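Welcome, and thank you for taking a look.

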Amino acid sequence: MIKHKALLAIALCSAMFALPAVAAEPLGSNWSDVAKLPDFFTGNWQSVTSFLDNPTNVPFTAQAEAYIAHYKPIADIPFAGANCKTPGMPIIQRLGSPLKFFYEPGMIAIYIENSSMTRFITLNGEHAARPNPTYLGDSVGHFEGDTLVVESVGFADDLLFQYGDLPGQGKGPFVLPPEAIFGPHGPNLRMVERIRLVDPDTLEDRLTIYDDTVWKQPYVSTPVQLFKRNRGEDGRPHEWVCNSANIFAFDPSTNKTIEEDPAVVLKRLQQNDNH
Amino acid sequence: MNVHCPTRISGLAAALLLAAAAFPASAHHSAAPFDLSKKISVQGTVEKWLWANPHSWLYIRAARPDGVQEIWGFEAGSTGMLARSGWNAADMKPGDKVTVGASPSRDGSHVALLSQVQLADGRLLNAAAGAPPPGVGAPPPGAAPSPR
């Protein structure tokens, strides 16, 4: 009897080993993964690098060259105008106020304080079959070791999309809009970010842009975007309601900056207060 | 309406980032609307402390030596960035006496980039650029774009 039981146990064990191996779910699929993920989540991340690129030396397509030949610099970005129109990706992440990361199984969200917009990155999943155009794109991501790799597609036509810098311009540590070339992107625009911790309080976001209507080869964004971590109370995100006082600084329709006499602005504000 | 040099909010953002990253202020003189190499001090009475995005504004009434009253507008950071620097919407109210430190605009108008405010009770509100996160005072390797 004992011999039979032993044989049965051996048979059962053999059968278990013969079962096909169940593939482990990729990182970011379960709540238990929280402890395994790199800590993007404590506090928030404040950009400390230029919001426009420099240097930009990827060769242009003939189509882009033709566009650039007639390009007129813009005095500022539409974000500085009425309603603070978002520049979209990637510039909206770089405008100075912090980013805040959140996680749930299958998703990482990034709250962008500079607009109160939030990116939703599907982890270990697929793009929407027919993504509608958006300013942040349709994003899917996965972890390669400690690096979050995010691919975004489906962008709105009117992103503030930087091709490069005007000749001789953009050499300073922070590139300004009049120094840059902006233009339309192609229908298959794709952005790939590789996001990782450089150290516990520094996060980098390496961006490569694929658009064969603009560049002859993938565009590697420089400088590498760096963010410093705010912890504690400073790490809490704040709300952002833009132009809440109807004070703005740029008129995209005329490409002119605006500076009202402070006495005029004050009178308007005080009149509003009295209503 | 006066027109400043061409990069209003973006220039300010760059100036704030410059301050936060401790880069030489002179790096942006040619483009910023404010002359970061200069500082002015203006004493006056608060007319309006506007806690707002994309930027907060402090409006004060100041008297010139000849007695003429002037309205000055000082542009500050966004509400979130100011809050991280210890500022608060309730810090100032109309009638308060303040002394404002700022970088003047290039065109000589009564608009300036606010850097600090001395309140009547002696408190000093500083770092209008927002709370520099740990380590920003000394940028990590690669933080500063390499010159071409």
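Leu27(A) counts as partly exposed because it has 18 C-beta neighbours inside 10 Å, in a model that is predicted. To find Leu27(A), look in the loop between α1 (2-18) and β1 (44-47) of chain A. Leaving aside residues up to four places away in sequence, Leu27(A) touches Asp33(A), Lys36(A), Leu37(A) and Phe143(A).

Now step back to chain A as a whole. The secondary structure of this chain comes to 3 helices and 14 strands. Its C-alpha trace spans about 100 × 55 × 35 Å along the principal axes. Chain A has a radius of gyration of 24 Å, whereas a compact globule of 275 residues would have one near 19 Å. Of its 275 residues, 40% count as buried. If we take the contacts in chain A between residues at least 6 apart in sequence, 59% of them join residues at least 24 apart.

Some of the strands of chain A can be followed one after another. Strand β3 (residues 107-112) and strand β4 (residues 117-123) of chain A pair in the antiparallel sense, over 6 bridges. One of the bridge pairs is Ile112(A) with Met117(A), the latter in β4(A). Together β3(A) and β4(A) form a hairpin with 4 residues between them. In that turn, Ser116(A) has a positive phi of about 60°. Moving on, β4(A) is joined by 3 bridges to strand β5 (residues 138-144) of chain A, and these two run parallel. Here the bridge partner of Ile121(A) is Ser139(A), in β5(A).

A few backbone details deserve a visit too. Most residues other than glycine have a negative phi, and most peptide bonds are trans. Asn124(A) has a positive phi, near 55°, and is found in the loop between β4 and β5 of chain A. With 16 other C-beta atoms within 10 Å, Asn124(A) is partly exposed. Asn255(A) also has a positive phi near 55°; look for it in the loop between β13 (250-251) and β14 (256-257) of chain A. Asn255(A) has 14 other C-beta atoms within 10 Å and is therefore partly exposed.

Then come the cis peptide bonds. One joins Asn54(A) and Pro55(A), with omega about -5°, and Pro55(A) is found in the loop between β1 and α2 (62-69) of chain A. Another joins Met89(A) and Pro90(A), again with omega about -5°. Pro90(A) has its place in the loop between α2 and β2 (99-104) of chain A.

Next, turn to helix α3 (residues 262-273) of chain A. How far apart are its end C-alpha atoms? At 1.5 Å a residue, the 12 residues of this helix should span 16 Å, and the end C-alpha atoms are 16 Å apart, which agrees. In α3(A), the residues Pro262(A), Val265(A) and Leu266(A) are buried. They cover an arc of only 100° around the axis, so they lie on the same side of α3(A). The face turned away from that buried side carries the exposed residues Val264(A) and Gln271(A). And what covers the buried residues of α3(A)? The cover includes β1 (40-50), β2 (57-63), β3 (69-75) and β5 (111-118) of chain B.

That brings us to chain B, which has 2 helices and 6 strands. Read along the sequence, they follow the pattern α-β-β-β-α-β-β-β. Buried residues make up 49% of the 148 residues in chain B. Among contacts in this chain between residues at least 6 apart in sequence, 57% join residues at least 24 apart.

Finally, look for the largest nonpolar core, which has 80 residues. In soluble globular proteins, nonpolar side chains tend to be buried together. The members that touch the most other members are Trp57(B), Leu58(B), Ile60(B), Phe74(B), Val100(B), Ala112(B) and Leu114(B). The largest share of this core, 5 residues, comes from β5(B).

Definitions and conventions:
Residues are numbered from 1 along each chain as its sequence is written. Chains are lettered from A and ligands numbered from 1 in the order in which they are written. This is a predicted model: local features need pLDDT of at least 70, side-chain atom pairs count only at pLDDT 80 or more; totals for chains, interfaces and linings use all residues. The expected span of a helix is 1.5 Å times one less than its number of residues. A residue is buried if 20 or more other C-beta atoms lie within 10 Å of its own, exposed if 12 or fewer, and partly exposed in between; C-beta atoms are placed from the backbone. The arc is that of the directions from the helix axis to the C-beta atoms. Two residues are in contact if their C-beta atoms, placed from the backbone, lie within 7 Å. Two strands pair if DSSP finds at least two bridges between them. The radius of gyration is taken over C-alpha atoms; the globule rule is 2.2 Å times the number of residues to the power 0.38. A nonpolar core is a set of buried Ala, Val, Leu, Ile, Met, Phe, Trp, Tyr and Cys residues joined through C-beta atoms within 7 Å.
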